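User: I am new to this structure and would like a close look at a single part of it. Please keep the account plain and connected.

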Amino acid sequence: MSFEEEWASVRTASTASVSMRLNQVAPEPGGGGGNADLSVDQDKLGAIGSAAYALHGRLAKDGNHARTNTTEAAGGMSSHGFRTGSAMATVQETWSSQLNTLLDACANISNHLDYSAASHAKEEADIKAALAASKINEYFK
């Protein structure tokens, strides 16, 4: 079977599956469906996004409170010939790198959930408009 034939059969099967699910799932307020494979609850997405945003704020504020003291201590120990100073500097650099990675992850989660909620609402409105238009077309026939 060629790629085009396989792709066409997959598209046909998925379209039939989506059509069947759309015809069977009763709409619920706030998104989501009873037996749907995927459901979205805007309130839950918002709560997770808000928690990620709050965590980002706390990490940005509290994650670096020891940086200055640690850097000064590492420098002081290194200048007096202690190898512990370079080890402490390495720990501080690693901490800073990991903190930035975690901050980026929290920002991505928050931004993605904001985007997902807005995108889902737009797609829902587009589907409703398309269904309304198809009902209107039935009356013209």
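By about how much of a helical turn are Asp 62 and Arg 58 separated in helix H2?

Analyst: Asp 62 and Arg 58 are separated by about one helical turn, because they are four residues apart in helix H2. Helices here are DSSP runs of H or I with at least four residues, strands are runs of E with at least two, and both are numbered from the N terminus. The model is a predicted one, in which local features need pLDDT of at least 70, side-chain atom pairs count only at pLDDT 80 or more, and totals for chains, interfaces and linings use all residues. Residues are numbered from 1 along each chain as its sequence is written, and side-chain values use heavy atoms, with hydrogens and water left out.

Asp 62 and Arg 58 form a salt bridge, with their closest N and O atoms 3.2 Å apart. The term salt bridge stands for a side-chain nitrogen of Lys or Arg within 4 Å of a carboxyl oxygen of Asp or Glu. Side chains of opposite charge can pair when their charged atoms come close. Arg 58 counts as exposed, because its relative accessibility is 56%, whereas Asp 62, at 32%, counts as partly exposed. The cut-offs for relative accessible area are under 20% for buried and over 50% for exposed, with partly exposed in between (1.4 Å probe, protein chains only).

Now the helix as a whole. H2 runs over residues 42-62, and its 21 residues should span 30 Å at 1.5 Å a residue, which agrees with end C-alpha atoms 30 Å apart. The expected span is 1.5 Å times one less than the number of residues.

The buried residues of H2 include Leu 45, Gly 49, Ala 52 and Leu 59. These residues lie on the same side of H2, because they cover an arc of only 90 degrees around the axis. That arc is taken from the directions from the helix axis to the C-beta atoms. An α-helix has 3.6 residues a turn, so residues three or four places apart point the same way. On the other side of H2, the exposed residues are Asp 43, Arg 58 and Lys 61.

The structure holds two salt bridges. Lys 122 counts as exposed at 54% relative accessibility, and Asp 126 counts as partly exposed at 42%.
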